Amino acid sequence: MFVSECLSANENGHLMIGGCDTVELAKQFGTPLYVMDESDIIKNCKLYQESLNRYYDGNGLVLYASKAFSCMYMCKLMNDLGMGLDVVSGGELYTAWKAGFDMSRVYFHGNNKTDDELKLAVEHKVGTIVVDNVDELERLNRIASEKDVVVRIMFRIKPGIDAHTHSFIQTGQIDSKFGVALENGEAIEAYRRAVEYSHLKVMGVHCHIGSQIFDLEPFKLAAKVMMNFIGDLHDKLNIEIEELNLGGGYGIKYTEEDQPINYDAYIQAVSEVVKQMAQERGVNLPKIMMEPGRSIVAPAGITLYTVGGVKEIKDVRTYVSVDGGMIDNPRYILYESKYDAVLANKATAPRENVVTIAGKCCESGDLLIKDIKMPHIEVGDTLAVLATGAYNYSMASHYNRIPNPPVIMVKDGQAKEIVRRESYEDLLRNDIL
């Protein structure tokens, strides 16, 4: 009935998540409101971990891609579950450290890490730095030398794979701002230079081919290409690669049109390719890393809004305006991303009318969902947009000076605020008069 398994309807026809009535949550905490189901997040993490144990003898580590949704509570939860963490900025790194995360299980990404960010990573003993380019390599070696430490590294590699997804979230092809390319010899030259630095230890190779991918073949091809590169590093440079990080990008169900593959199948398919290629190239089996983010938190999250207006333009369109929009979910205006929605207080009512869900920002493009079939909507109804656990809170802005919503974690009928609602005073905190 709903695109996310963690959702249901109760006897009153209200949308339920984590044992909580969403209509009551909206009354208690106000709207807009991000709601996350902790049990669903835990279930998704364990699915990846158990699959890695089953198909690759546990010789790996699942890294949660914290850019999908990061806060101290989330970092603590991931640490308690024995997950690793993929961070892409000093802010995400600092959040993990403040939450008490085991920094040895943190992998630091980014295509333009500043010196301050690299120093922060070295000072807080980040487990591995995923180097993006040779300029960064030299800066990191200098910083490590000044601190007299040895830093574990791997390079981000562009494997030359064009994943079938939105052009803005394709990252594996040569025309990408991320990483070093295989086709032009850039990648192997980067490793040739890296092994010359005494304060850097080459541990592995990394790639990430894109996001929201529903096909197994690009992941299998990426594994094959990367294992061949590991073989080349062994044969040409005598470098023994211990870790293979294959990134993330596993698609999720935003609407009924989306048909994601069971995440278990990704790991099984990739494991088979890695084992076969290790044998063919005569190299040791590397430890496998993967970086799911969206697939762990997106299905577990919803956003609740209050309907403030219904504007019917005869023979054109009916706009339903809510008290949020592109400030709390910019994915439509960025990618025209599709979502499903439910009237939380009429979750089982028949869908009879086509409407467009509009946000409150002063932009014509501020839409959440265009042309969706919904039950009869009235001012004051509670509307839930589904599968918003990833890239909503983390990409939220203060456009039009609108404060960000809070985040509520629900589990077994209990709700806990893990990020406070911002106030107008919060908006002024760094202003200077």
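How close do the axes of helix H8 and helix H9 come, and at what angle do they cross? Select residues 217–237 for H8 and 263–281 for H9 to find out: the axes come within 9 Å and cross at roughly 25°. That makes H8 roughly parallel to H9, since angles under 35 degrees count that way. Keep in mind as you look around that this is a predicted model.

Stay with this pair for a moment. The crossing of H8 past H9 is right-handed. To see the contact itself, show side chains. On the H8 side, pick Phe219, Lys220, Ala223, Lys224, Met227, Asn228, Gly231, Asp232 and Asp235. Their counterparts in H9 are Tyr266, Ala269, Val270, Val273, Val274, Met277, Ala278 and Arg281. Colour them by class and you get 10 nonpolar, 2 polar and 5 charged residues in this contact.

**Next stop: another helix pair**

Select 134–147 for helix H6 and 186–194 for helix H7. Here the axes are 10 Å apart, and the helices pack at an angle of about 15°. That makes H6 roughly parallel to H7, and H6 passes H7 in a right-handed crossing. Where do they meet? Val134, Leu137 and Glu138 come from H6, while H7 brings Ala190, Arg193 and Ala194.

Click alanine 9 and look across to S2, where its bridge partner is leucine 15.

Then select 60–65 for strand S5 and 84–87 for strand S6. This pair runs in the parallel sense, again with 3 bridges. Tyrosine 64 stands opposite leucine 85 in S6. Is S6 covered on one face or both faces? In a regular strand, side chains alternate between the two faces of the sheet. In S6 both faces are covered: Gly84 and Asp86 are buried on one side, and Leu85 and Val87 are buried on the other.

Most residues other than glycine have a negative phi, and most peptide bonds are trans.

- You will find proline 32 in the loop between helix H1 (22–29) and strand S4 (33–37).
- Glutamine 212: phi is positive here, near 55°, and this is not a glycine. The residue lies in the loop between strand S11 (200–206) and H8. With a relative accessible area of 12%, glutamine 212 is buried, because the cut-off for buried is under 20%.
- Asparagine 400: another non-glycine with a positive phi, about 60°. Look in the loop between strand S19 (382–386) and strand S20 (407–411). Asparagine 400 is partly exposed, at a relative accessible area of 34%.

Key:
Residues numbered from 1 in each chain as written. Predicted model: local features only at pLDDT ≥ 70, side-chain atom pairs only at ≥ 80, totals over all residues. Heavy atoms only, no water. Axes fitted to C-alpha atoms, helices over the stretch in contact; angles between N-to-C directions. Helix = DSSP H or I, 4+ residues; strand = E, 2+ residues; numbered from the N terminus. Parallel < 35°, antiparallel > 145°, perpendicular 65-115°, else oblique. Left-handed = near helix turned anticlockwise from the far one by under 90°. Contact = heavy atoms within 4.5 Å. Nonpolar A, V, L, I, M, F, W, Y, C, P; charged D, E, K, R; others polar. Pairing = 2+ DSSP bridges. Buried < 20%, exposed > 50% of the residue type's maximum accessible area, 1.4 Å probe, protein only.
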